[in-house]
Amino acid sequence: MRKIIKVSKNIFFTFFAMILFVAMAVFIYHNYQKGKESSLISEGTPVDFNNKEINVYMEGGGEDTYVFMSGSGIAAPVYELKGLYSKFAKENKIAVIERAGYGYSDVFHDDRDIDTILEQSRKSLMESGNKPPYILVPHSVSGIEAIYWAQKYPSEVKGIIALDIGLPHQYVTHKMGMVDSLTVKGLNLLTKMGLHRLVPSAVYNPEVIRQSFLTDHEKEMYKTLSYKQFFNDDMEQELLQSYNNGKKSVNLPIPKDTPILFLDAIADENENSKYTKQKKEDYEDFAEKLLKGDVIKLKGTHSIYLYAPDEIYYLSMEFIK
């Protein structure tokens, strides 16, 4: 019996030592790669915030400026959203705001309060030469900022094209629980250790690589930026603050004068789910309170910009007219 216990202990400690060795090797490699990635030359216009920068990418020209605002965790917006914004840029001016912690922007290590995020976005656009009013094109969690923007500065928002956004009241009603919060914090910790580099499919969207809207060089840059920025401190805080940020918006009147087109992404396998039906109902309730609002169903996953770019562009142009 003692011999079995001794052997078991040896096996356990050997296994633990192997895991520790692999973790240390990954951590060293991660920091080596981060050093190389820190020298990336940005595609866009950097705007200074006390020695930290937010990147704004611009294309096209025209009367209207469409401002693309990525969802949570999309680490390289300039590349991931290109299949969609390039269609708008043919006849319009576009700007992609890479929030703090995203893309070519620096990690700010602040609390990601919605007022801070919004003022950074406004300053970034103004100082990069983009004057309001804007047509905001938010995805997912950026819906909080877009609606809050229209509530606080209605004259700056000509309209909103909402790409399967989360509504502010949804983040308040479905407040993140302790398990979810610990999961978010745990994922951030694992990322700091560099373990995300072992799971590429979780770091960047394979669909972006599969499609052809990026060049081979841009695909490599997309992967590199995604590894560099994946689930950093700003992304962590953005999710942890979603309840408080949503609550600030909920406490203000709905921006009834701002036209909003809700594009509701529905995957075939989720068409009859309780979540899908509730999301549709929430969109319709919000739209009914606006002077001009509409809800249109699009077939595809939450990353709808990858699956229906032509349809999104056509519907947006029709709605804005």
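In this predicted model, the largest pocket is lined by 20 residues. Closest to the pocket's centre sit Gly-166, Gln-170, Tyr-171, His-174 and Tyr-275, which lie nearest to that point among the lining residues. The volume of this largest pocket comes to about 470 Å³.

Where does the lining come from? Three helices each supply at least two of its residues: H6 (168-173), H7 (178-192) and H13 (274-288). Of these, H13 gives the largest share, with six residues.

Two packed helices are described by the angle between their axes and the distance between the axes. Here, helix H5 (residues 142-152) packs with helix H12 (residues 242-250) at an angle of about 25 degrees, and the two axes are 9 Å apart. Angles under 35 degrees count as roughly parallel, so H5 and H12 run roughly parallel to each other. Their crossing is left-handed.

Which residues make this contact? On the H5 side they are Ile-144, Ile-147, Tyr-148 and Gln-151, and across from them H12 brings in Ser-242, Asn-245, Gly-246, Lys-248 and Ser-249. Sorted by class, the contact of H5 with H12 holds three nonpolar residues, five polar ones and one charged.

Terms used: Residues numbered from 1 in each chain as written. Predicted model: local features only at pLDDT ≥ 70, side-chain atom pairs only at ≥ 80, totals over all residues. Heavy atoms only, no water. Axes fitted to C-alpha atoms, helices over the stretch in contact; angles between N-to-C directions. Helix = DSSP H or I, 4+ residues; strand = E, 2+ residues; numbered from the N terminus. Parallel < 35°, antiparallel > 145°, perpendicular 65-115°, else oblique. Left-handed = near helix turned anticlockwise from the far one by under 90°. Contact = heavy atoms within 4.5 Å. Nonpolar A, V, L, I, M, F, W, Y, C, P; charged D, E, K, R; others polar. 1 Å grid on protein atoms, 1.4 Å probe; cavity = no way out; pocket = protein on both sides within 12 Å on 5 of 7 lines; lining within 4 Å. Points joined across faces, edges and corners; volume = space filled by probe spheres on them.
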